[in-house]
Amino acid sequence: ALERGIDDAGIGQLVLLGAGNDSFLLRRPDLLERLAVFEVDHPDSQREKREKLHALGFEGHPNARFVAVDFEREGAGEALARSGFDAARPAFFNWLGVVAYLTRDAIHATLRSLRTVSAAGSRIVFDYPIAPHLIVREEDRARSVEVSRSTAAVGEPRQARHVPEELARDVHPLGYEVVEDLSPEAIFARYFAGRSDGLRPNPENRLIQLRMT
């Protein structure tokens with residue numbers, strides 16, 4: 001999706017929201033030469049991440065920028081605005097592995113904050129958990145309950161769950177339109193088909209891409 005955005009929309013910036021241990025800076029040196037990359041994360045997590053990058057031989061790059069932010073005190077858009085982010089240049093936002101732990105209000109606030117500092121045509125990708133009644137198999141519903149219990153036990157409770165049609169409706173007034181919204185079956189067909197190890201996508205997660213209007 002990022003590569004398509006570069007070709008189709010002139011994407012020139014990549015933002016990793018809640019970057020964690022994402023390895024883009026090591027995996028895609030070719031794209032790092034073409035993009036301004038902003039890693040946005042909590043100061044403590046970012047400090048640990050940068051130590052790991054250093055240990056792996058990454059000594060920095062002119063296009064790599066680390067934006068430390070406490071999301072309880074500052075919005076993602078505000079943090080980017082003070083960090084050299086170009087509001088006139090289309091951007092791509094990677095928000096994977098985060099939304100499940102946010103309330104619906106927090107999700108909307110983040111989307112609104114990003115839209116205020118981003119050019120039309122910018123895109124964002126995130127995964128989100130579906131509402132329980134949309135999980136078809138009983139074993140998948142049981143697994144979902146267990147995962148929620150285990151994440152809550154380590155202080156990271158999962159929050160809002162979503163109905164795809166309602167999510168599409170809710171993001172529209174925030175300045176977004178849906179490019180695609182992949183079901184677990186579609187995710188399997190695109191990314192997992194043909195694997196020999198039996199690995200499958202999470203049956204309660206969908207993968208959505210939005211475009212800023």
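Predicted model: local features only at pLDDT ≥ 70, side-chain atom pairs only at ≥ 80, totals over all residues.
Which residue in β7 is the bridge partner of Tyr 128? The partner is Arg 206.

- Strands of a sheet pair through backbone hydrogen bonds, in either the parallel or the antiparallel sense.

**Strand β5 and its partners**

- Strand β5 (residues 123-129) runs parallel to strand β4 (residues 91-94), and three bridges join the two.
- Within this part of the sheet, Phe 92 stands opposite Arg 123 of β5.
- Strands β5 and β7 run antiparallel and are joined by seven bridges.
- Seven of the seven residues of β5 are buried, so this strand is largely enclosed by the rest of the structure.
- The burial applies to both faces of β5: Arg 123, Val 125, Asp 127 and Pro 129 lie on one side, while Ile 124, Phe 126 and Tyr 128 lie on the other.

**Strands β2 and β3**

- Strand β2 (residues 36-41) pairs with β3 in the parallel sense, over five bridges.
- Val 37 has Ala 64 as its bridge partner in β3.
- Together with helix α4 (residues 43-55), β2 and β3 make a right-handed β-α-β unit.

- A right-handed β-α-β unit is made by β4, α6 and β5.
- Helix α6 (residues 104-116) has 13 residues, which at 1.5 Å a residue should span 18 Å; its end C-alpha atoms are 19 Å apart, in agreement with that expectation.
- The buried residues of α6 are Ile 107, His 108, Thr 110, Leu 111, Ser 113, Leu 114 and Arg 115.

**Phe 92**

- Phe 92 lies in strand β4 and has a relative accessible area of 6%; because this value is under 20%, the residue counts as buried.
- Although 90 residues separate Phe 92 from Leu 2 in sequence, their C-alpha atoms are 6.6 Å apart in space.
- Apart from neighbours within four places in sequence, Phe 92 is in contact with Ala 1, Leu 2, Ile 11, Gln 13, Leu 14, Val 15, Arg 123, Val 125 and Gln 209.

**Gln 13**

- Gln 13 is placed in strand β1 and is buried, with a relative accessible area of 2%.
- The side chain of Gln 13 reaches the backbone nitrogen of Asp 86 at 2.9 Å.
- A polar atom of the Gln 13 side chain also lies 2.9 Å from the backbone oxygen of Arg 89.
- With neighbours within four places in sequence left aside, the contacts of Gln 13 are Leu 35, Ala 36, Phe 38, Phe 85, Asp 86, Arg 89, Pro 90, Ala 91 and Phe 92.

**Asp 181**

- Asp 181 belongs to strand β6.
- The side chains of Asp 181 and Tyr 128 make a polar contact of 2.7 Å.
- Not counting residues up to four places away in sequence, Asp 181 touches Tyr 128, Pro 164, Arg 206, Leu 207 and Ile 208.
- Tyr 128 and Arg 206, both touched by Asp 181, are themselves bridge partners.

**Arg 169**

- Arg 169 is found in helix α8 (residues 164-171).
- The relative accessible area of Arg 169 is 55%; because this value is over 50%, the residue counts as exposed.
- The side chain of Arg 169 is joined to that of Asp 170 by a polar contact of 3.2 Å.

Note on methods: Residues numbered from 1 in each chain as written. Heavy atoms only, no water. Pairing = 2+ DSSP bridges. Helix = DSSP H or I, 4+ residues; strand = E, 2+ residues; numbered from the N terminus. Expected span 1.5 Å × (residues − 1). Buried < 20%, exposed > 50% of the residue type's maximum accessible area, 1.4 Å probe, protein only. Contact = heavy atoms within 4.5 Å. Polar contact = N/O pair within 3.5 Å; in protein donor to acceptor, adjacent residues only side chain to side chain. Right-handed = clockwise from strand over helix to strand, strands pointing away.
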